[in-house]
Number of protein chains: 2
Amino acid sequence: MSNEKEVTIYDLARKLNISVATVSRALKDDPVVSKKTKKKISDLAVEMGYRSNHFARNLRTQRTNTIGVIIPRINSYFMSSVIAGMENIATSEGYNLIISQSSESVEKEVANTITLFNNRVDGLLVSLTYDTDSLAHFDPFIRKKVPLIFFDRTADQKDCTCILINNWKAAYEATTHLISQGRRRIVHLTATQKRNVYIDRLEGYKQALADQRIPFREDYIIVGNLSQEAGAEAASRIREMQPLPDAVFVANDNCAVGCMIALKQMGIRIPEDIAFVGFNNDPVSTVVEPNLTTINYPGYEMGQVAARNLIDHLNGSSNIHSTNTIILRSELILRESSVSRQP
Amino acid sequence: MSNEKEVTIYDLARKLNISVATVSRALKDDPVVSKKTKKKISDLAVEMGYRSNHFARNLRTQRTNTIGVIIPRINSYFMSSVIAGMENIATSEGYNLIISQSSESVEKEVANTITLFNNRVDGLLVSLTYDTDSLAHFDPFIRKKVPLIFFDRTADQKDCTCILINNWKAAYEATTHLISQGRRRIVHLTATQKRNVYIDRLEGYKQALADQRIPFREDYIIVGNLSQEAGAEAASRIREMQPLPDAVFVANDNCAVGCMIALKQMGIRIPEDIAFVGFNNDPVSTVVEPNLTTINYPGYEMGQVAARNLIDHLNGSSNIHSTNTIILRSELILRESSVSRQP
DNA sequence: GTTGCTCATACAATCGTTTGCATATCGAAA
DNA sequence: TTTCGATATGCAAACGATTGTATGAGCAAC
């Protein structure tokens, strides 16, 4: 009982006195097999507890029904929501996900790429590390025409779809909002200017200033790794600025929260002295006091869209060249951290 | 160039005028092949860009090098940390992870189990839903002797390893701490009493009361789904209690935070009027004001241990019968939410 | 020169499917 | 009765590895 042999299509065929070819076709619902035989076969399959052998099939068909995912780290609210969305779609479409973390290390990203290539994933969903410059490690996929989709932290790669929000616009709105609240000396906390998301947010911020005829100041840009600790460090620098800035726009809620807490400990009042706007709509944004104004960034939805899009490509129901960029809706959520007085 | 055929061991063999058997053995570093041939072969493999075909190998060896993971939801800080830990170990050991979410639905858990069984995973790592009663859906794995490890939300299943913290002790310490701060009317927010973690925490809480001769009150136990919203609802019920409780021990930080925020809005002071202790050491616990005393629950480490343990079983380097339960260290972290006056 | 032994390599079956092509069946039209 | 399409089924060759068993080469001892 415990070591029962697996049931194969040969067993089914033998029992019914038909050929394996017919069994194989019947199980795939091939119209060439008659309804009667199909029924006989599928009934017996259930009865004998047959389950198809993915390896044999994959070996034969040269497909894996597996999607590779490479992300910087999984344990952030945003990214785990993305993964949840991907899992949701993939499972319902019969695909498996192989998830690997680069931990913000380019070498690990390259290593993961190789692993996934050797696993012969059917497609790849990628969000890059802060520092990835060269995209050469994706060449093997391109050459073999394995579809590749970037999301969130994307890169310009010919023939690859990108899934994003309009970071420029989000930052523009955030900054404009701060200005509309009477703020003029607006610091921007961001990460390395290698990645689209941070470049675009900075540009949006700059444009908002320009449109309101507020001069841009290089020393108001603080670059870090956007961790909570980086936020606390930035707080010390902000504290030293003369005159004290009256607002901070942060490219990530966690970092914003770290900065807010540190400033509050220094006796600075939020939003009276300094207003804050974050990014991502992380759960902490409704816990910190005052609640943090932020940009809603739909992670779960982004994961779903990415997976759905890739699977559509794989099924041939969409052409990878037809859609090159998908922009998801995002919006500014107003909370107390940035509003000068509540209505 | 773009449609180059995959290089197989046959290609290598032909080029070197030797048999595929030798090539196969050489690539596995089988000592029976001479050093000289091995070198020739591995050099050529690199040169020609050979990569082994997992499906052919799996088909032949009947192993998949894949581990299945079933969890309630991935997008919580604790669970995404667990996954990160698992990914870390699995990747370094050459295993892949297939992660599936049950979303707290027993039906989805069963469906995922079937999917993973059909995927022929080598082993399974499971954290159960709130409501899973029967474990019958795991029988196919047991029968085929596929190792099965439960973590966090575990169940008694013969021959299965469980990985946990000592929930009883953690709750006992948390409650004792509250009592030591002069609290007597301690409410406990928890989840369904079907799962070990919540049962054990309640028992620890009860025992701590008993040891301090404080009568247990059934109406101080509030059962919910431990979401932030459930915390807010609980706050309303707590508010109505006469006399007002003076402490709350919550089985989850997120829920604790929801409850604290709601109570604060009602004008109740924390910790003066009501002290709080949470569970998990989620990042929000250091953001909420006052910072939340909690139990440190090492998610990343738990994921690593679970994966390590399973892989050791699979490699035969450990016997599944030898270790039945692994208890990880946890500890009470004191913060302002429960300490009556700071030193 | 034969025997015996070790070390290295080759042969060939096997794993469970898929699929192009060939074949069988059967009723209807010629 | 023969012929012709359909329609349904079967044959057999892949797919790319692994591995038990057989074979061959080389060499030392007798």
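## Backbone, sheets and helices

Ser103(B) is found in the loop between strand E2 (96–101) and helix H6 (106–118) of chain B. The phi angle of Ser103(B) is near 55°, which is a positive value in a residue other than glycine. Helices (H or I, at least four residues) and strands (E, at least two) are DSSP runs, numbered from the N terminus.

This is a predicted model, in which local features need pLDDT of at least 70 and side-chain atom pairs count only at pLDDT 80 or more, while totals for chains, interfaces and linings use all residues. Residues are numbered from 1 along each chain as its sequence is written, chains are lettered from A and ligands numbered from 1 in the order in which they are written, and side-chain values use heavy atoms, with hydrogens and water left out.

Strands of a sheet pair through backbone hydrogen bonds, either parallel or antiparallel. Two strands pair here if DSSP finds at least two bridges between them. In chain B, four strands in the order E7-E6-E8-E9 form an open sheet with parallel pairing. Strand E7 (221–223) and E9 of chain B are at the edges with a single partner strand each, so one side of each has no neighbour in the sheet. On average, neighbouring strands of this sheet are turned by 20° against each other, direction ignored. Strand E6 (residues 186–190) of chain B runs parallel to E7(B) and is joined to E7(B) by three bridges. The bridge partner of His188(B) in E7(B) is Ile221(B).

Contact means heavy atoms within 4.5 Å, and angles run from 0 to 180 degrees between N-to-C directions, with axes being lines fitted to C-alpha atoms, for helices over the stretch in contact. Helix H8 (residues 167–180) of chain B touches E6, E8 and E9 of chain B, and its direction makes about 170° with that of E8(B). H10(B) touches E6, E7 and E8 of chain B, at about 150° to the direction of E6(B).

How do H1 and H2 of chain B pack, and at what angle? Helix H1 (residues 9–16) and helix H2 (residues 20–27) of chain B pack at about 115°, with their axes 8 Å apart. That makes H1(B) roughly perpendicular to H2(B) (65 to 115 degrees; under 35 is roughly parallel, over 145 roughly antiparallel, and the rest oblique). In this contact, Ile9(B), Tyr10(B), Leu12(B) and Ala13(B) of H1(B) meet Val20(B), Val23(B), Ser24(B) and Leu27(B) of H2(B).

A salt bridge is a side-chain nitrogen of Lys or Arg within 4 Å of a carboxyl oxygen of Asp or Glu. By this rule there are 32 salt bridges over all chains. In one of them, the side chains of Glu6(B) and Lys144(A) meet at 3.0 Å, N to O. Glu6(B) lies in the segment before H1 of chain B and Lys144(A) in the loop between helix H7 (139–143) and strand E4 (148–151) of chain A, so the pair joins two chains.
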